Amino acid sequence: MSKQDMADEALFLLLHNEIISCVYKAGDQGDAENGKCITKLENMGFRVGQGLIERFTKDTARFKDELDIMKFVCKDFWTSVFKKQIDNLRTNHQGIYVLQDNKFRLITQMSAGKQYLEHAPKYLALTCGLIRGGLSNLGIKSIVTAEVSVMPACKFQVMIQKL
């Protein structure tokens, strides 16, 4: 990894943490508990995901199907944002996809201890929005949730909403 890549990595992580901090400081304690902060972060991610996917796909051929789009998200989109591909993509072929990142960079700084698991949702909300926003701009309406059972591995579940 070059010095520039390490600097970019550090800035990205600092920006992400600062966004979370600002959203939680702006909301009162009640907001944090009832999920308004998570929703705000997810909505920010949605808008960013829409913009990024537009840039990343402007020179690509049209996708043949939903699975093709998901593969693009797991390879190209994920690599552009997180500097690595998704480690595993699974589907039940009925509109549910599970994207597994075994070393999700936005939670790798947290301890592997269970005491930080309760904080994981706020560090995953923006990324859930990124995925949902990107898919939305490619014509796929979805619900994206994230789950962490052992740090820093993370699973993003994408449920496609049929129109």
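So, the second largest pocket: 16 residues line it, and I38, P121, A125, C128 and A146 sit nearest its centre. By pocket I mean, on a 1 Å grid over the protein atoms alone, an open set of points where a 1.4 Å probe fits, with protein on both sides within 12 Å along at least five of seven lines; a lining residue has an atom within 4 Å of a point. The volume comes to about 210 Å³, counted as the space filled by probe spheres set on the points, with grid points joined across faces, edges and corners.

Quick word on where this comes from. It's a predicted model, so local features need pLDDT of at least 70 and side-chain atom pairs count only at pLDDT 80 or more, while totals for chains, interfaces and linings use all residues. Residues are numbered from 1 along each chain as its sequence is written, and side-chain values use heavy atoms, with hydrogens and water left out.

Two or more lining residues come from each of α3, α5 and β3 (142-147), and α5 gives the most, with 5. Helices here are DSSP runs of H or I, at least four residues, and strands are runs of E, at least two, numbered from the N terminus. The lining splits into 10 nonpolar, 4 polar and 2 charged residues. Nonpolar is Ala, Val, Leu, Ile, Met, Phe, Trp, Tyr, Cys and Pro; charged is Asp, Glu, Lys and Arg; the others, Gly among them, are polar.

Now the largest pocket, at about 320 Å³. Of its 16 lining residues, F12, L15, V48, L52 and L126 are the closest to the centre. Which helix gives the most to this lining? That's α3, with 5 residues. The classes here are 11 nonpolar, 4 polar and 1 charged.

L52 turns up again where α3 (36-57) meets α4 (66-82). Those two axes come within 11 Å and cross at roughly 105 degrees; axes are lines fitted to C-alpha atoms over the stretch in contact, and angles run from 0 to 180 degrees between N-to-C directions. So the helices are roughly perpendicular, which covers 65 to 115 degrees. On the α3 side the contact (heavy atoms within 4.5 Å) uses G49, L52, I53, F56 and T57, and on the α4 side F72, F77, S80 and V81. That's 6 nonpolar, 3 polar and no charged.

E66 is in α4 and K162 in the segment after β4 (154-160), 96 residues apart.

Notes:
Angles under 35 degrees count as roughly parallel, over 145 as roughly antiparallel, 65 to 115 as roughly perpendicular and the rest as oblique.
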